[in-house]
Amino acid sequence: MHRHRHLLIATMAMVMLGQEVHAACTDAAAPGVQWRRCIFDSDDLSDADLTGADLRDSGFKRANLNGADLSRAQARRAKFVSGTLRDVDFTDADLVQADFTSADLTGAKLIGASLRGARLFQANLRGADLTRAVLDGADLLRTDFSGARWTDGTTICAEGSLDRCRPSAGTPATKVQG
């Protein structure tokens, strides 16, 4: 108990002095957790609240993140390869150069997310919301956008939209980039 108290006081002092304090990869999932360069391959993180977490350069290959909240997360270069990310919330997340190869992002919220240079090769984005998402330089080869809401916030992608969004019959005729 005494040793724990000294550690807590030292950590608080470092925070007050403006020094950055990093959490360990073994820390529990929580908003703002610092999991930079950690490996969570095949872990079950379903429904985890990782709002604003630092996940840069971390690995989540084959991990279950169904229903997790990763809004405002910093996940540059994170690896979500073959992950299960159904209904995950990536609103306003930094996903620059993240790898979602063969990931299941069915129903995911990617509202305002930055996916510049991300790898979405063979990813499933059926029914996802990509409103205001930035896809510049993203690898969209064989990505399924069926039923997804496109970056303009109004276009719904037709069934069979692979590699890019093809507006569904009920969508006004506008040019869809992708």
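Is Asp139 buried, partly exposed or exposed, judged by its relative accessible area? In this predicted model, Asp139 is partly exposed, because its relative accessible area is 23%, and a residue counts as buried only under 20%.

**Salt bridges**

- The count of salt bridges comes to 9, and the pairs described here are among them.
- Asp139 forms a salt bridge with Arg119, and the closest N and O atoms of the two are 2.6 Å apart.
- Both Asp139 and Arg119 lie in the segment after α1, so their pairing ties together parts that are 20 residues apart in sequence.
- Arg119 is partly exposed, with a relative accessible area of 35%.
- Arg126 and Asp144 form a salt bridge in which the closest N and O atoms are 2.9 Å apart.
- This pair links distant parts of the chain, with Arg126 and Asp144 both in the segment after α1 and 18 residues apart.
- Arg126 counts as partly exposed at 30% relative accessibility, whereas Asp144 is buried, with a relative accessible area of 15%.
- Through salt bridges that share partners, Arg126, Asp144 and Glu159 are joined into one network.
- A salt bridge also brings together the side chains of Asp54 and Arg56, at 2.6 Å from N to O.
- Asp54 counts as buried because its relative accessibility is 5%, while Arg56 is partly exposed at a relative accessible area of 22%.

**Nonpolar core**

- The largest nonpolar core holds 46 residues, and Phe90, Leu95, Phe100 and Leu105 touch the most other members.
- Leaving aside residues up to four places away in sequence, the contacts of Phe90 include Leu70, Phe80, Leu85, Leu110 and Ile111.

**Residues with positive phi**

- Asp92 is not a glycine, yet it has a positive phi of about 55°.
- Asp92 is placed in the segment after α1, the helix of residues 2-16, and counts as partly exposed at 40% relative accessibility.
- Ser102, likewise a residue other than glycine, has a positive phi near 60°.
- Ser102 is found in the segment after α1 and counts as partly exposed at 33% relative accessibility.

Terms used. Residues are numbered from 1 along each chain as its sequence is written. This is a predicted model: local features need pLDDT of at least 70, side-chain atom pairs count only at pLDDT 80 or more; totals for chains, interfaces and linings use all residues. Side-chain values use heavy atoms; hydrogens and water are left out. A nonpolar core is a set of buried Ala, Val, Leu, Ile, Met, Phe, Trp, Tyr and Cys residues joined through side-chain atoms within 4.5 Å. Buried means under 20% relative accessible area, exposed over 50%, partly exposed in between (1.4 Å probe, protein chains only). Contact means heavy atoms within 4.5 Å. Helices (H or I, at least four residues) and strands (E, at least two) are DSSP runs, numbered from the N terminus. A salt bridge is a side-chain nitrogen of Lys or Arg within 4 Å of a carboxyl oxygen of Asp or Glu.
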